[in-house]
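This report describes salt bridges and a helix contact in a predicted model.

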Amino acid sequence: MSTAPWLIPFSGQVAALPAAERDARLLRRLNALLRHARRASYYRERIPARPLPALEALIELPVLDRTAFREHAPPAGHGLLTRPPTHCYCFASGGTTDQPRYVYRSHRENALNCRLLAKGLALGGLRADHVVANLLAAGELWAGMWVFDKAMEYVGSTILPLGSAVEPELLIRYLHDFRVDAAICVPSQALALAEWAAREGRELRLPRLITGGEPLYPAARRRLADALGVEAFQSTGYAANETGVIGYPCPHSPEGTFHLHEGLFHLEILGEEGTPAAPGEPGSFRVTNLYRTLMPIIRYVIGDIGSWLDEPCPCGDPARRFRLLGRDGARVRLGTSFFYPDQFAERIGTVEGVSMLFRLVIDQATGPDRLTVEVEANRRDAATAARLLAAVGGLRDLAWEIDAGYVAPLEVRLLAPGELPRNRRTGKLNPIDDRRGEPR
């Protein structure tokens with residue numbers, strides 16, 4: 001299955017078609033992909049030889065979940081590969097919450113993925129005259145730093161490939177010496193840098209901050225604007241190593257809203273009953289990459305929830321839009337109520353002396369649910385802890401659950417900078433540590 005002219009990501013030709021014609025073209029591409037995917041033993045056992053009669057029929061095929069991905073990709077197995085792995089890259093994915101999965105992309109597929117990333121960066125505001133510090137992780141099969149260096153080549157920016165392990169003192173020197181006016185990193189890195197600068201009394205200014213890989217909560221955005229002088233926030237796009245970059249931002253896209261790379265991806269958003277969600281209704285994502293043929297990705301359970309947006313984008317791009325609402329496991333039930341990390345972030349952001357780096361630890365011994373909010377802080381005295389307890393305890397539903405006896409009295413812990421556990425490769429934080437066993 002060779003690369004075709006429609007793989008050129010800047011044409012927009014598929015998105016501009018009437019819906020019926022667009023779907024007919026996508027169905028032809030999907031059936032071509034399914035036919036090719038049957039060369040892989042995993043798909044040959046699961047995909048019928050006959051073509052699908054309509055896009056809607058894709059929902060009848062089995063999903064590809066993380067366990068199956070890990071078991072049928074090298075080194076555990078070769079069932080997802082359509083041919084021997086030559087002329088390709090191998091990257092590792094995952095590791096924040098589970099074991100890594102190994103992803104193979106041909107050289108051409110990887111080049112296209114980088115061009116798609118470049119499209120999103122350019123539309124988000126990155127220009128050739130920007131000097132960019134790339135603070136993403138590199139090495140150990142991690143793709144982040146390398147693919148974004150390549151993407152920024154296409155944009156034309158000046159790139160400083162510093163990586164995630166650079167010491168703050170050295171980083172500040174580079175930022176000053178090379179007049180860096182943009183940085184790309186995960187939010188946890190930027191927040192940790194802001195806290196270090198405040199603790200050390202160092203002045204630091206980053207006019208443009210490009211983030212991805214973690215949510216950037218509104219309270220964290222305000223903190224970074226104050227601490228680092230960030231004037232423009234932009235997203236890296238909606239992507240995963242397993243699938244490639246699925247969606248791209250535009251200047252009119254609110255945080256967490258993306259255009260779909262039409263013609264290159266098919267996105268299903270399924271409600272609780274497993275049927276397509278209507279626009280505006282939240283659902284779980286299933287992602288099919290329409291151009292990856294070495295290791296086809298068909299109906300991948302990416303682990304995110306979101307919704308379609310019905311209204312056209314003010315930017316004029318006809319590509320469909322969707323809103324990312326978070327990870328499937330990003331909400332937590334305490335007592336009878338559900339909570340999201342951004343609710344806690346808003347409260348934590350009001351407390352002076354603490355950072356926006358936090359974790360919610362939930363356990364349950366013999367009594368009600370028990371929540372401990374752990375926050376890294378420059379000030380770790382009793383007065384700061386009391387202010388944090390009052391701020392977080394002011395969450396209305398949480399206060400009600402505690403008063404009703406469904407949740408034990410709230411506890412907080414102030415930790416030293418860097419004390420929260422992070423992913424060793426990427427520096428990402430998992431904001432929820434649920435120790436109650438099986439989710440309810």
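**Other salt bridges**

The model has a count of 23 salt bridges. One of them pairs Arg-221 with Glu-255 at 2.4 Å, N to O. Arg-221 sits in helix H8 (residues 218-228) and Glu-255 in the loop between S9 and strand S10 (257-260), 34 residues apart. Arg-221 is partly exposed, at 25% relative accessible area, and Glu-255 is partly exposed, at 48%.

In another salt bridge, the closest N and O atoms of Arg-422 and Glu-376 are 2.8 Å apart. Arg-422 is in the loop between strand S19 (411-415) and strand S20 (432-434) and Glu-376 is in strand S18 (residues 370-377), so the pair ties together parts 46 residues apart in sequence. Arg-422 is partly exposed, at 28% relative accessibility, whereas Glu-376 is buried, at 3% relative accessible area.

A network of salt bridges links Arg-359, Glu-374, Arg-413, Asp-433 and Arg-435.

**Packing of H9 and H10**

Helix H9 (residues 341-348) packs with helix H10 (residues 382-393) at an angle of about 135°, and their axes are 8 Å apart. The two helices are therefore oblique to each other. Phe-344, Arg-347 and Ile-348 of H9 make the contact with Leu-388, Ala-391 and Val-392 of H10. By class, this contact has 5 nonpolar, no polar and 1 charged residues.

Note on methods:
Residues are numbered from 1 along each chain as its sequence is written. This is a predicted model: local features need pLDDT of at least 70, side-chain atom pairs count only at pLDDT 80 or more; totals for chains, interfaces and linings use all residues. Side-chain values use heavy atoms; hydrogens and water are left out. Axes are lines fitted to C-alpha atoms, for helices over the stretch in contact, and angles run from 0 to 180 degrees between N-to-C directions. Helices (H or I, at least four residues) and strands (E, at least two) are DSSP runs, numbered from the N terminus. Angles under 35 degrees count as roughly parallel, over 145 as roughly antiparallel, 65 to 115 as roughly perpendicular and the rest as oblique. Contact means heavy atoms within 4.5 Å. Ala, Val, Leu, Ile, Met, Phe, Trp, Tyr, Cys and Pro count as nonpolar, Asp, Glu, Lys and Arg as charged, and the others, Gly among them, as polar. A salt bridge is a side-chain nitrogen of Lys or Arg within 4 Å of a carboxyl oxygen of Asp or Glu. Buried means under 20% relative accessible area, exposed over 50%, partly exposed in between (1.4 Å probe, protein chains only).
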